[in-house]
Amino acid sequence: MATVAWGFSAVLIVLTKQPGLVVALERLLLGVPLVGALLAFTHRRLDWATFWRTVPGGVLLCGDMAMFFSAVKLTSIADATVIGALQPALVLFVAGPLFGERPLRADVLWTSVAIAGAVVLGTGGTGKRQVLGDLLAFGALCSWTGYWLVSKKARLAGRTTHDDEPGGTATRQAIGTIEYTSGVMLVAAAAMVPVTLLSGEHLTTGTPLDWLWIGLMTLVPGSAHLVLNWAHRFVRVTVSSVIVSVNPVVAAGAAAVV
């Protein structure tokens, strides 16, 4: 569900006429009160101890959004999302040391298939804007992978590898899905403000149509963060990272139609 929702992000970004960083900032500023309202509605709270544990994820998400939103303004949607689909290869190397996940033959096989399938969608442009966009997409890939891993760590904090087995213990409570997502969005929004201002991109109010696309972006791809952060607790990262490589298929298909 998260992967399909994220597949529409790039299309919605391109449909807005504002600069990439401005769109990222506005999307986060809309997302913070929405997830805050969800926090209040569910009678949960974000205390300082929990908030500080969400800071790494928030900073990495800011980096990912800043570079990806800018990338799709310069390069093709297919290229930007295909580069992001290289994530399973990075995750495969760190899954063992970080989470005790021993990659199986099937993990290696499906990671290879996912990456090979995604690369087929590449357009291979060579213009200056295209190259810059591809470089930004690669930077977004690195930030996104970091966000993916620290989020998984936060959702499993202090729990043994086999927590679901008899004798499993918890030394530190994992952060709840809503609390974690609220903290991450708040940190990402705060970090995006100076990034946008220092970039020199022209801050505009945008058109009503721009706000329609940004609103949809906040509700649809934005809700995917909640879904993913919930799933992190139950799915191995070597598996979830392969699932998310479907993103370029959804993005390229949506881009072709739109």
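Me: What is the mean pLDDT of the chain, and where in the chain is confidence lowest and highest among the helices?

Reply: Where pLDDT is low, the predicted coordinates should not be read in detail. Here the chain has a mean pLDDT of 84, with 88% of its residues at 70 or more. Confidence is lowest in helix 7 (residues 105-119), where the mean is 73, and highest in helix 9 (residues 177-199), where it is 95. The pLDDT falls below 50 over residues 159-170, a stretch that has 11 contacts in the model beyond near neighbours in sequence.

Me: How should I read the packing of helix 5 against helix 12, and which residues make the contact?

Reply: An angle over 145 degrees between N-to-C directions counts as roughly antiparallel. Helix 5 (residues 77-84) and helix 12 (residues 247-257) pack at about 175°, their axes lying 9 Å apart, and therefore helix 5 is roughly antiparallel to helix 12. On the side of helix 5 the contact is made by Ile77, Thr81 and Val82, and on the side of helix 12 by Asn247, Pro248, Ala251 and Ala255. By class, the residues of this contact are five nonpolar and two polar, with no charged residue.

Me: How many cavities of 30 Å³ or more does a search of the whole structure find, and what lines the largest cavity?

Reply: A cavity is a space where a probe fits but cannot get out. The search of the whole structure finds one cavity of 30 Å³ or more, and the largest cavity holds about 410 Å³ of space. Its lining consists of 25 residues, of which Trp6, Asp64, Phe68, Trp144 and Asn247 are the closest to its centre. Two or more lining residues come from each of helix 2 (9-15), helix 4 (48-71), helix 5, helix 8 (128-155), helix 10 and helix 12, and helix 4 supplies the largest share, five residues. The lining of the largest cavity divides into 16 nonpolar, seven polar and two charged residues.

Me: And what of the second largest pocket: what is its volume, and which element gives the most to its lining?

Reply: A pocket, by contrast with a cavity, is an open set of points. The second largest pocket has a volume of about 220 Å³, and its lining includes Met1, Ala2, Thr3, Trp148, Leu228, His232 and Ile243. Helix 1 (2-6), helix 10 (208-231) and helix 11 (237-243) are the elements that give two or more residues to this lining, with helix 10 giving the most, three residues. Nine of the lining residues of this pocket are nonpolar and three are polar, while none is charged.

Key. Residues are numbered from 1 along each chain as its sequence is written. This is a predicted model: local features need pLDDT of at least 70, side-chain atom pairs count only at pLDDT 80 or more; totals for chains, interfaces and linings use all residues. Side-chain values use heavy atoms; hydrogens and water are left out. On a 1 Å grid over the protein atoms alone, a cavity is a set of points where a 1.4 Å probe fits but cannot get out, and a pocket is an open set with protein on both sides within 12 Å along at least five of seven lines; lining residues have an atom within 4 Å of a point. Grid points are joined across faces, edges and corners, and a volume is the space filled by probe spheres set on the points. Helices (H or I, at least four residues) and strands (E, at least two) are DSSP runs, numbered from the N terminus. Ala, Val, Leu, Ile, Met, Phe, Trp, Tyr, Cys and Pro count as nonpolar, Asp, Glu, Lys and Arg as charged, and the others, Gly among them, as polar. Axes are lines fitted to C-alpha atoms, for helices over the stretch in contact, and angles run from 0 to 180 degrees between N-to-C directions. Angles under 35 degrees count as roughly parallel, over 145 as roughly antiparallel, 65 to 115 as roughly perpendicular and the rest as oblique. Contact means heavy atoms within 4.5 Å. pLDDT is the predictor's confidence in each residue, from 0 to 100.
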